Amino acid sequence: MTDKKPFYITTTLPYVNAEPHIGFALEILQADVIARYERSKLGEENVFFSTGSDEHGQKIFEAAEKAGQDTKDYVDLYAGKFGELKEALDLSYDNFVRTTDNHHVKAAQEMWNRCKAS
């Protein structure tokens, strides 16, 4: 066990209503540089870098509708394009979460249930 404090970094989760754009590429590249720097200081096991896609929202629904596609098929397509950035930009993130993933939905529900209970 190490005495080094763990380091966690994430990015915003972009809406997947269109192709990835240069603004998000800049953000994820900056986060990647920070994650790599922290790994060089703390070791791989002490750094966790997460990113993903936000797949809920009116703009996504409207974009899917305009494209004549089912919303789920539409977000699957564009989340895949955001996921492809890992190889294209040689990113080192540890986790790519989709807000439609079952584990994310369950975690969000748990958070809201705890808020409601308190």
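**Close-up views of the predicted model**

View 1. R39 lies in helix α1, helices (H or I, at least four residues) and strands (E, at least two) being DSSP runs numbered from the N terminus. R39 is buried, with a relative accessible area of 8%; buried means under 20% relative accessible area, exposed over 50% and partly exposed in between, with a 1.4 Å probe and protein chains only. Leaving aside neighbours within four places in sequence, R39 is in contact with E44, V47, F49, S92 and D94, where contact means heavy atoms within 4.5 Å. This is a predicted model, in which local features need pLDDT of at least 70 and side-chain atom pairs count only at pLDDT 80 or more, whereas totals for chains, interfaces and linings use all residues. Residues are numbered from 1 along each chain as its sequence is written, and side-chain values use heavy atoms, with hydrogens and water left out.

View 2. An open sheet is formed by 3 strands in the order β1-β2-β3, with parallel pairing; two strands pair if DSSP finds at least two bridges between them. β1 (7-10) and β3 (95-98) stand at the edges, each with a single partner strand, so one side of each is left without a neighbour in the sheet. From one strand to the next, the twist averages 25°. Axes are lines fitted to C-alpha atoms, for helices over the stretch in contact, and angles run from 0 to 180 degrees between N-to-C directions.

View 3. β1 and β2 run parallel and are joined by 4 bridges. F7 stands opposite V47 in β2.

View 4. Strand β2 (residues 47-53) pairs with β3 in the parallel sense over 4 bridges. The bridge partner of S50 in β3 is N95. Helix α3 (residues 71-83) packs on the sheet and touches β2 and β3, its direction making about 160° with that of β3.

**View 5. Val97 in strand β3.** V97 is found in strand β3 and is buried, with a relative accessible area of 11%. Apart from neighbours within four places in sequence, V97 is in contact with L13, T51, G52, S53, H103 and H104. The C-alpha atoms of V97 and A79, which are 18 residues apart along the chain, are separated by 9.7 Å.

**View 6. Packing of helices α2 and α3.** Helix α2 (residues 58-67) packs against α3 at an angle of about 100°, with their axes 9 Å apart. The two helices, α2 and α3, are therefore roughly perpendicular to each other; angles under 35 degrees count as roughly parallel, over 145 as roughly antiparallel, 65 to 115 as roughly perpendicular and the rest as oblique. I60, F61, A63, A64 and A67 of α2 make the contact with T71, Y74 and V75 of α3. By class, this contact of α2 with α3 has 7 nonpolar, 1 polar and no charged residues. Ala, Val, Leu, Ile, Met, Phe, Trp, Tyr, Cys and Pro count as nonpolar, Asp, Glu, Lys and Arg as charged, and the others, Gly among them, as polar.
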